[in-house]
Structures are given as structure tokens and as C-alpha cells.
Amino acid sequence: MNRNTKRLRADQSKKAVAFAKVCKALSDESRVKIMLMLSSGATNACDFMDALNISQPTLSHHLKILSEAGLVHFEKDGKWRIYALSESGERMVAYIVNG
């Protein structure tokens, strides 16, 4: 096996890991609902907890998985975190909504 083949396999491996993270993130109905809510604009965690009727630790878990998959990001605004879809997240929501 030459260097180019090894490099290609390493690139494919990285892509496979990233794709698996996205699949894991989208495998939960609550996480998909969070993404659909974010398609209306950035918001804070309290809005998710109320709408989904979930606890703060559960929400944090979901947001962490979405963030690690590169679908959601946040900015700090004082003591608040404001969540929004990333570019990848926006494309994924468009696919979910439009098919």
C-alpha cells in the first residue's frame, strides 16, 4: 500500500466518523425537533425545555451531541447561551423539510 492509498483511507475514515456523528445526532426525535425549532431563529435553552417538556440535563445532552456533530453552535450572551444552526445544520433542516 502506498502513501496515497493510506492518505485516502485516512480521509475516508475522518469522513466516516463525521457522518456517523451526524447520523447519531439525527437519530433522536427530540434533537430533530430542536433543529426544526432553531430553523426559526436563534434561541436560548429555556425555550427548548418548555416546548419539549424535557429537563435541563437532558437538553444539555442533546445540544452537546448536536454541537459535536457540527449541526448547532452557540454564542454566550452574558450568562446565557444562544443556540443557532450551523451552515451544515441549515442544510440538514432544509433536507428534512423539503425531502
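Helices (H or I, at least four residues) and strands (E, at least two) are taken here as DSSP runs, numbered from the N terminus. The model is predicted, so that local features require a pLDDT of at least 70 and side-chain atom pairs are counted only at pLDDT 80 or more, whereas totals for chains, interfaces and linings use all residues. Residues are numbered from 1 along each chain as its sequence is written, and side-chain values use heavy atoms, with hydrogens and water left out.

Leu36, Tyr95, Ile96 and Val97 make a nonpolar surface patch of about 380 Å², to which helix H5 (residues 87–98) gives the most, with 3 residues. Patches are built from residues with over 30% relative accessible area and no salt bridge, like charges being joined within 9 Å and nonpolar side chains (Val, Leu, Ile, Met, Phe, Trp, Tyr) within 5 Å; a salt bridge is a side-chain nitrogen of Lys or Arg within 4 Å of a carboxyl oxygen of Asp or Glu. Accessible areas come from the Shrake-Rupley method with a 1.4 Å probe, and for residues only the protein chains shown count as cover. Val97, which is found in helix H5, counts as exposed because its relative accessibility is 56%, where buried means under 20% relative accessible area, exposed over 50%, and partly exposed in between (1.4 Å probe, protein chains only).

The two ends of helix H3 (45–52) were examined next. Asn44, placed in strand E1 (residues 43–44), caps the N-terminal end of H3, with a side-chain oxygen 3.1 Å from the backbone nitrogen of Cys46. This pair falls under polar contacts, defined as N or O atoms within 3.5 Å; within protein, one atom must be able to donate a hydrogen and the other to accept it, and residues adjacent in sequence count only if both atoms are side-chain atoms. Leaving aside its neighbours within four places in sequence, Asn44 is also in contact (heavy atoms within 4.5 Å) with Trp80, Arg81 and Ile82. Just after H3, Asn53 takes a positive phi of about 55°, although Asn53 is not a glycine. Asn53 is found in the loop that leads from helix H3 to helix H4 (56–68), and this residue counts as exposed because its relative accessibility is 72%.

Asp28 is placed in the loop between helix H1 (3–26) and helix H2 (29–38), and its side chain reaches the backbone nitrogen of Ser30 at 2.9 Å. With a relative accessibility of 23%, Asp28 counts as partly exposed. The C-alpha atoms of Asp28 and Ser88, which are 60 residues apart along the chain, are separated by 18 Å.
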